[in-house]
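Open the model in your viewer and follow the stops below. Each one says what to select and what is there.

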Amino acid sequence: MSVVHPVLLRSAFLPHHSPPPPPASSSSSSLSFKPLTHTPRRSYPRIRALELDQNTVIAIAVGIASVAVGIGIPVFYESQIDSAAKRDNTQPCFPCNGTGAQKCRFCLGSGNVTVELGGGEKEVSRCINCDGVGSLTCTTCQGNGIQPRYLDRREFKDDD
């Protein structure tokens with residue numbers, strides 16, 4: 001007579017069954033097991049919950065938050081740019097106070113530069129920075145007197 005050994009299938013998707021205990025017998029020399037009869041299950045197998053440690057949960061949460069921030073910030077800036085483009089900009093330029101010109105720093109607005117040569121001798125010449133005008137076009141507003149918006153200050157150059 002042959003001995004039948006049960007075959008146990010283990011899967012994460014199926015509940016774990018322990019083998020049936022061996023029947024109580026008077027002799028310990030012969031071990032025999034009852035064959036397992038498979039009863040059909042009425043429910044579908046279900047996926048068991050994942051076992052995650054705290055570090056894994058934190059890493060997943062940080063990853064999701066990073067993706068959300070990485071998408072949210074550009075969307076926010078785009079909406080701000082669109083709303084700013086719809087508004088008129090009437091704020092006067094800070095460096096030139098809305099005049100469109102700044103006083104020359106070489107001649108201090110006089111148009112002439114005085115150079116002391118020594119021995120009490122002085123030479124007065126026309127300023128080479130402002131060409132004798134005494135003022136320069138404001139570099140912030142490019143002479144229009146209106147304070148540019150932040151993104152309007154950037155110059156886009158084709159470097160190719």
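**A tour of the model**

Of the contacts (heavy atoms within 4.5 Å) in the protein with a separation of 6 or more, 58% join residues 24 or more positions apart. This is a predicted model, in which local features need pLDDT of at least 70 and side-chain atom pairs count only at pLDDT 80 or more, while totals for chains, interfaces and linings use all residues. Residues are numbered from 1 along each chain as its sequence is written, and side-chain values use heavy atoms, with hydrogens and water left out.

Colour by pLDDT, the predictor's confidence in each residue from 0 to 100. The protein averages 77, and 62% of the residues score at least 70.

Select residues 56-77. An unreviewed UniProt entry annotates them as "transmembrane region"; such annotations may be inferred rather than shown by experiment. The stretch is 100% helix and 0% strand, with its end C-alpha atoms 32 Å apart.

Next, select residues 112-118, strand β2, which has the lowest mean pLDDT among the elements (87). Strand β4, residues 135-137, has the highest (92).

Finally, show the side chains of arginine 126 and aspartate 131. They form a salt bridge at 3.2 Å, N to O, where the term means a side-chain nitrogen of Lys or Arg within 4 Å of a carboxyl oxygen of Asp or Glu. By this rule the count is one.

Terms used. Helix = DSSP H or I, 4+ residues; strand = E, 2+ residues; numbered from the N terminus.
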